[in-house]
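Colleague: Please take a close look at the aromatic rings and at what surrounds them, for someone new to this structure.

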Amino acid sequence: QVQLVESGGGLVQAGGSLRLSCAASGSIFSLNSMGWYRQAPGKQRELVAAITSGGSTNYADSVKGRFTISRDTAKNTVNLQMNILKPEDTAVYYCNLYYTRPFDTRRDYWGQGTQVTVSS
């Protein structure tokens, strides 16, 4: 089993910054992707940013140039530095880890979620 523990989040004014962190523990396949999703009230959960164990990154268009994802693969931690925050970034942010072992189905694991609120 895999556990994800998030930290960070909170309330910030528009234009400010926040940093989210997530630590994974348990039985984790070495080839994996870690990332952050968010869900605003009344909306579907969406990918914010992800980074593979090889260092490849993927960002939602809405956060490109403002958010930076990084990870320590040896420690199984992932961080999301969020700058120039906007009110539309307000959501619950979820840490995600997924991998696919050979001849197996994809496994997704989620953190409990952390609230990010950006005031205008």
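Modeller: The charged end of Arg45 sits over the ring of Trp110, 4.6 Å from the ring centre, where sitting over a ring requires NZ of Lys or CZ of Arg within 6 Å of the ring centre and within 35 degrees of the ring normal. The charged end of Arg106 is likewise placed over the ring of Tyr98, at 3.5 Å from its centre. This is a predicted model, in which local features need pLDDT of at least 70 and side-chain atom pairs count only at pLDDT 80 or more, while totals for chains, interfaces and linings use all residues. Residues are numbered from 1 along each chain as its sequence is written, and side-chain values use heavy atoms, with hydrogens and water left out.

A search of the whole structure finds 3 aromatic pairs, meaning rings of Phe, Tyr and Trp (its six-membered ring) with centres within 6.5 Å, called stacked with planes under 30 degrees apart, edge-to-face over 60 and tilted for the rest. One of them joins Phe29 and Tyr99 in a tilted arrangement, with 6.0 Å from centre to centre and 50° between the planes. Phe29 belongs to the loop between strands S3 and S4 and Tyr99 to strand S9, so this pair ties together parts that are 70 residues apart in sequence; strands are DSSP runs of E, at least two residues, numbered from the N terminus. Both Phe29 and Tyr99 are buried, that is, under 20% relative accessible area, with exposed over 50% and partly exposed in between (1.4 Å probe, protein chains only). Tyr37 and Trp110 form an edge-to-face pair, 5.0 Å centre to centre with 70° between the planes.

Conventions:
Helix = DSSP H or I, 4+ residues; strand = E, 2+ residues; numbered from the N terminus.
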